[in-house]
Amino acid sequence: MKQERFEQAHREEWAAFEAMVAGGDQVHPGADRLPQAYRRVCQHLALARDRCYTAGLVQRLNRLVMAGHQTLYGSALGLAPQWGRFLAGGLARSVRALYRPVLLAAMLVAVPFAALPPAIARAPQLAYLFEDPQDLARMDTMYRPGAGHFGRAGQAQTDVAMFGFYIWNNVRISFQAFAGGIFLGLGSVFFLLYNGVHGGAVAGYLTHAGLGRQFWPFVATHSALELPALVLTGAAGLHLGWALLAPGRRSRARALVEAAREGMPLVYGAALMDGLAALIEAFWSSSALVPVALKLTAAALLWTAMASYFLLAGRRRA
Amino acid sequence: MIDTLCAQETPEGVELEFSPAGPAPRALAWIVDAAIRFIVYLALASALHGLGQLGTGVLLVGLFLLEWFYPVGFEVLGRGQTPGKRLLGLRVLRADGAPVGWSRSTVRSLLAFADFLPFGFAAGLTAMLLGRRCQRLGDRAAGTVVVHVEPAPAAPRPAPGAVESLAPPFPLTLPEQRAIMGFSERAPGLTLERARELADLLEPVTGASGDEGVARLHAMARNLRGLG
């Protein structure tokens with residue numbers, strides 16, 4: 001068939017199809033006819049290539065097929081039901097599925113965090129090995145007894161301002177722990193260790209300085225969300241790195257894409273937990289009005305809730 | 001053929017062709033987006049200035065969203081295009097040609113931090129130069145590509161000048177026919193000299209040179225297309 005007759009025969013069909021896909025992945029009123037129309041245009045493209053029609057026509061058809069592909073394969077599910085299922089147990093299942101990187105990430109944070117306070121209690125100068133003396137001096141004022149708010153440099157900062165700061169800073173740290181994983185996991189290892197060491201050094205220093213009664217109740221509650229959030233994003237990063245190091249029977253490119261997909265639930269969950277942690281840290285942990293006993297009770301409850309969620313949620317119908 | 005076209009086979013059995021965008025247009029698009037983000041940040045800052053500490057809190061949350069989720073929002077809701085990409089005619093697609101969703105777009109956005117390291121997107125640039133599809137690290141992890149948006153299709157042009165149609169002196173293969181029709185299709189974009197030069201190469205077919213050769217090629221193209 002000559003090209004001119006081919007174009008004449010299908011011109012109207014193509015125009016109609018173009019109108020159908022003009023809205024991108026938005027659903028069009030005539031959507032039920034789309035798949036059939038799309039397959040026909042695909043066939044026309046294949047014919048045009050096979051019959052060596054001109055580049056102009058092939059490009060035009062390629063463009064139509066591209067738009068049709070976008071429309072047909074682009075319709076996304078609503079987000080709300082996905083989030084419901086995700087929180088009801090999907091997140092916990094994803095975490096358990098990646099238990100190896102999660103445990104490794106937890107160790108990377110927990111070991112220095114647990115080891116440094118006793119070490120600093122024995123040899124206080126160790127704190128200065130990891131922290132700037134000026135920062136530590138600032139810590140002294142932040143947690144001195146009788147302060148209106150704990151964990152803040154001065155009286156100037158209100159709860160809302162600190163909430164904004166915690167969101168901007170803490171979620172960023174979590175995201176970085178994930179992104180660093182692309183460098184064979186080394187970036188994640190760095191951010192996990194760094195935060196574990198930093199936390200351990202500060203905790204050890206303050207406890208040694210006799211400010212533990214202000215410090216521990218302050219961190220106890222929100223750390224139940226903040227530390228697991230860091231561990232989860234770090235674990236997702238380690239998972240990325242491992243996919244590059246040992247892709248198994250897949251190509252590295254494919255292993256990387258799959259690892260990112262498997263890790264994303266952890267990142268979403270961590271972002272959510274960081275957001276909640278920022279709320280708690282700004283409005284609850286820092287308050288000097290809330291009695292210490294109440295804070296510690298809340299902290300114990302929250303830690304238990306987190307542990308049981310990750311261990312138990314989503315077991316049924318898994 | 002040396003070009004940057006990439007083909008992706010669809011479930012319908014045809015190959016979709018797209019051309020991945022290189023570092024230069026993507027850097028320009030990034031600069032445009034960075035400028036927009038900066039302006040939004042300034043506007044936000046001056047609007048919230050009067051609110052004191054409350055404003056600071058809101059501003060920091062806004063800064064966080066601008067930093068990480070500006071590209072995600074535009075890429076998912078704006079058909080794969082941030083304002084900068086729209087200006088430069090670029091678009092983010094899944095590597096299989098489908099539009100990007102929330103998850104892939106978020107992976108790209110988060111890994112932009114890794115691409116930036118150690119300075120000025122050096123890691124991302126290296127990754128782009130090492131692959132056929134110009135993917136930065138974030139693209140590789142998300143399985144996405146940034147492609148040039150095809151320009152709007154040119155209206156079908158009648159072969160200029162010649163109105164008569166001329167059968168080739170001997171049967172031509174399909175690729176040869178396509179070359180002649182392609183010449184006729186592209187002639188309006190060529191200088192006269194270049195058209196003559198190309199037509200002279202086909203003197204054995206047309207039996208003429210110079211303007212006469214060009215005219216005969218157009219006539220043959222009309223014949224091959226099935227016009228008259």
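## Basis of the model

Because the model is predicted, local features need pLDDT of at least 70 and side-chain atom pairs count only at pLDDT 80 or more, while totals for chains, interfaces and linings use all residues. Residues are numbered from 1 along each chain as its sequence is written, and chains are lettered from A, with ligands numbered from 1, in the order in which they are written.

## Domains

The domain bounds come from an automatic or database domain assignment. For chain A this assignment gives domain 1 (3-74) and domain 2 (79-312), and the centres of these two domains, taken over C-alpha atoms, are separated by 51 Å. For chain B the assignment gives domain 1 (6-148) and domain 2 (154-228), with 44 Å between the two centres, again taken over C-alpha atoms.

## Where the chains meet

Contact here is defined by C-beta atoms, placed from the backbone, that lie within 7 Å. In this sense 52 residues of chain A are in contact with 46 residues of chain B. On the side of chain A that touches chain B, at least two residues each are supplied by α1 (3-20), α2 (34-50), α3 (55-74), α8 (159-179) and α11 (252-285) of chain A; helices (H or I, at least four residues) and strands (E, at least two) are DSSP runs, numbered from the N terminus.

By class, that side of chain A has 28 nonpolar, 15 polar and nine charged residues. In this count Ala, Val, Leu, Ile, Met, Phe, Trp, Tyr, Cys and Pro are nonpolar, Asp, Glu, Lys and Arg are charged, and the others, Gly among them, are polar.

## Nonpolar cores

A nonpolar core is a set of buried Ala, Val, Leu, Ile, Met, Phe, Trp, Tyr and Cys residues joined through C-beta atoms within 7 Å. A residue is buried if 20 or more other C-beta atoms lie within 10 Å of its own, exposed if 12 or fewer, and partly exposed in between, with C-beta atoms placed from the backbone. The largest core has 121 residues, and B:Leu111 and B:Ala141 touch the most other members. Helix α10 (residues 212-245) of chain A gives the largest share of this core, 16 residues.

Leaving out residues up to four places away in sequence, B:Ala141 touches A:Ile182, A:Leu240, A:Leu256, A:Val257, A:Ala260, B:Val107 and B:Leu111. A second, separate core has 13 residues, including B:Ile180, B:Leu202, B:Leu217 and B:Met220.

Helix α8(A) is mostly covered, since 17 of its 21 residues are buried. At 1.5 Å a residue its 21 residues should span 30 Å, and the end C-alpha atoms are 30 Å apart, which agrees; the expected span of a helix is 1.5 Å times one less than its number of residues. In the loop between α8 and α9 of chain A lies A:Leu184, which has a positive phi of about 55° although it is not a glycine. A:Leu184 counts as partly exposed because it has 16 C-beta neighbours inside 10 Å.

Helix α9 (residues 186-208) of chain A has 23 residues and reaches 32 Å from its first C-alpha to its last, close to the 33 Å expected at 1.5 Å a residue. After α9(A) comes A:Gly210, whose phi is positive, near 80°. A:Gly212 lies in helix α10 of chain A and is partly exposed, with 15 other C-beta atoms within 10 Å. Apart from neighbours within four places in sequence, A:Gly212 is in contact with A:Leu206 and A:Thr207.

## The hairpin of chain B

Strands β1 (residues 6-9) and β2 (residues 15-18) of chain B pair in the antiparallel sense over four bridges, where pairing requires that DSSP finds at least two bridges between two strands. B:Ala7 stands opposite B:Glu17 in β2(B), and the bridge partner of B:Gln8 in β2(B) is B:Leu16. The two strands form a hairpin with five residues between them, and in the turn B:Gly13 has a positive phi of about 85°.

## Backbone details in chain B

Most residues other than glycine have a negative phi, and most peptide bonds are trans. In chain B, B:Arg79 has a positive phi of about 55° although it is not a glycine, and B:Arg79 lies in the loop between α2 (53-77) and α3 (83-88) of chain B. With 20 C-beta neighbours inside 10 Å, B:Arg79 counts as buried. A cis peptide bond, with omega about -15°, joins B:Leu117 and B:Pro118, and B:Pro118 is found in the loop between α4 (102-116) and α5 (122-130) of chain B.

Definitions and conventions
Two residues are in contact if their C-beta atoms, placed from the backbone, lie within 7 Å.
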